[in-house]
Amino acid sequence: MVNVANDRDLRDVELPSVASPTPPAARELVAGLSLERLLALPSLAGARMAIQATDAGRVLTRASRLGGPDAPLPSCAGHLVVAPAAVLGEHAAQRLDVVATLASAGAGALLLTGAAAATAADLEAIRDRAARHGIPLLVLDAGEPDAVVTEVLGALLDQQTAILARVDEAHRILVDVVLAGGGLEDLCERLAGFLGGAAMVTSTDGRVLAEAGSEQDLAAAHALDCFDRTGRLVTEREAVGIRPPGTPSSGRALVRIVAGGVGHGLLAAFVPDRSLTADDVHLLERAATVAALAITKEQAVSAVEGKYRAEFLRDALAGRAGGPAEALLHAAALGWDIDRPLVVVVAETDEDDEHTSRTSEEVTDLQQRFSRAWSRAMAVRDPRAPVMGFSQEVVALFAVPGDADTDAVMRSVGEVVRVVRGDGGGGRRTFSTGVSRPVESPADLPRAYEEALSAVSVGRQLNGDGSVAHFDQLGIFRLLALVPDSADLRRFVEEALGPLANDDVPEHADLRTTLSILIDTNMNVAETARLLFFHYNTLRYRIAKLERMLGPFTTDPQLRLKLALALKVHQMRGI
């Protein structure tokens, strides 16, 4: 047997794929041709599958001609072995062993040429042995073995040439992006043009950072079931790597972007009209290296810029940023616009990082994710809005219309909060949010910052973790929060409400609700009965019981004020 197509060394070693937690097994880049495609060659016209027609998709990478039965059998894995039927017929005693040997050596398929000259018994014996050993058998009534081998070799070489040309083009594209200092958008644009379809870079939790492709291809990609209603790629449900061909998801592929053992996101391709092959995925893996370079470069630049931005914002919130004109110029140089009506938004994680079982590295990573989630959400709404993360909080200067009321401001802030909570980076830990009153000048930022901090603290006390509160909505609670010793507040509640200060008896909570609504309605018994769905006489009975416990609050306005204040303090958590 003579090996006439030796392409063992055709490999791509110039741009290795990105290291991942589970490195892909080494493989040859250059693929062969399927048996079905080889059957379309002119020299194989009339060839028929004698057995196992389902193996038409088997890929063959080489071609060999079978010599006499005494000729040595070199490695023939993946070969199309061409054998004259007459040769096997002349050596009937050995032909079946030859078929078994070919199968054990991994031959891709066996082609018998000149089968018209073979006896039916010989063909049947070979067919049975091939079926037993699972090697596809093709039969060609005529044909010259050398002509078949030559044409198959030519087809394989054409295939390899086309693939290598495509690899070279992909290599050139990636090198161009690197040399030109291109970013993620440039990379996605080149990949989308090369693969056909859409290409995207997402964060580790699936938020799209960059994308490219035609408007139609991008719309088709975002309409897939792998995206949720917020536009996030649901990475927890998507497999990384190649998909089985012919499946509904075979037109998309994801690879990890890894640098220094740290995951920086995912690179995804979406092709609407074909299945992505192993070579396409291999290209994505090499492109992920370029994406990792772009991301790490951007992070290095951002780290330096972030240091200066954080220092300026911290100074502005502390009143140390100079005069308003100086602060405006400094902010503009950093890419921020603060020359407009703003509210200060403070988002603070509810978990106490000073008393946590997490490691310091884990806490730092979670806080960075939290800060990035806010930065991304704000960048979509207002790219020139200042957003910075500090030790356990994120501060954002939120632009608002000059005539916006509190409800309008809270609706806008609430939309951003919902986006951050839905983000895998921000949603890992609950956080509370406080909003200040609007300010017109940088000089008022320190006051607004203190208001936002108060809104976070009091809002969490009133509504628990995850609260969103505006300073103007706190009312008297912001004054109560100024009392430094909560034990004093607790004693005041116990003295004012007496037995109603605790829930030892289930009825106490109902009585406190009745008392609160009575005070809120200015002692309007009819309105209170309507709100509580009580009969008028039932409510009169409850009022009498409350007066026996608390005193004549229906006629004593000072007592009513004391009780109203005690109820407010009781409503605050942690008192």
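Guide: Gladly, starting with burial: a residue is buried under 20% relative accessible area, exposed over 50%, and partly exposed in between (1.4 Å probe, protein chains only). Glu351, at 23%, therefore counts as partly exposed. This is a predicted model, where local features need pLDDT of at least 70, side-chain atom pairs count only at pLDDT 80 or more, and totals for chains, interfaces and linings use all residues. Residues are numbered from 1 along each chain as its sequence is written, and side-chain values use heavy atoms, without hydrogens and water.

Visitor: Which residue forms a salt bridge with Glu351?

Guide: A salt bridge needs a side-chain nitrogen of Lys or Arg within 4 Å of a carboxyl oxygen of Asp or Glu. Glu351 pairs with Arg358, the closest N and O atoms being 2.8 Å apart. Arg358 is partly exposed as well, at 28%.

Visitor: Which parts does the salt bridge between Asp225 and Arg252 tie together?

Guide: The two side chains meet at 3.3 Å, N to O. Asp225 lies in the loop between helix 7 (215-222) and strand 11 (252-259) and Arg252 in strand 11, so the pair links parts 27 residues apart in sequence. Helices (H or I, at least four residues) and strands (E, at least two) are DSSP runs, numbered from the N terminus. Asp225 is exposed at 57%, while Arg252 is buried at 9%.

Visitor: Which residues of helix 11 are buried?

Guide: An α-helix has 3.6 residues a turn, so residues three or four places apart point the same way. In helix 11 (residues 406-422), the buried residues include Val409, Val413, Val416 and Val420.

Note on methods
The expected span of a helix is 1.5 Å times one less than its number of residues.
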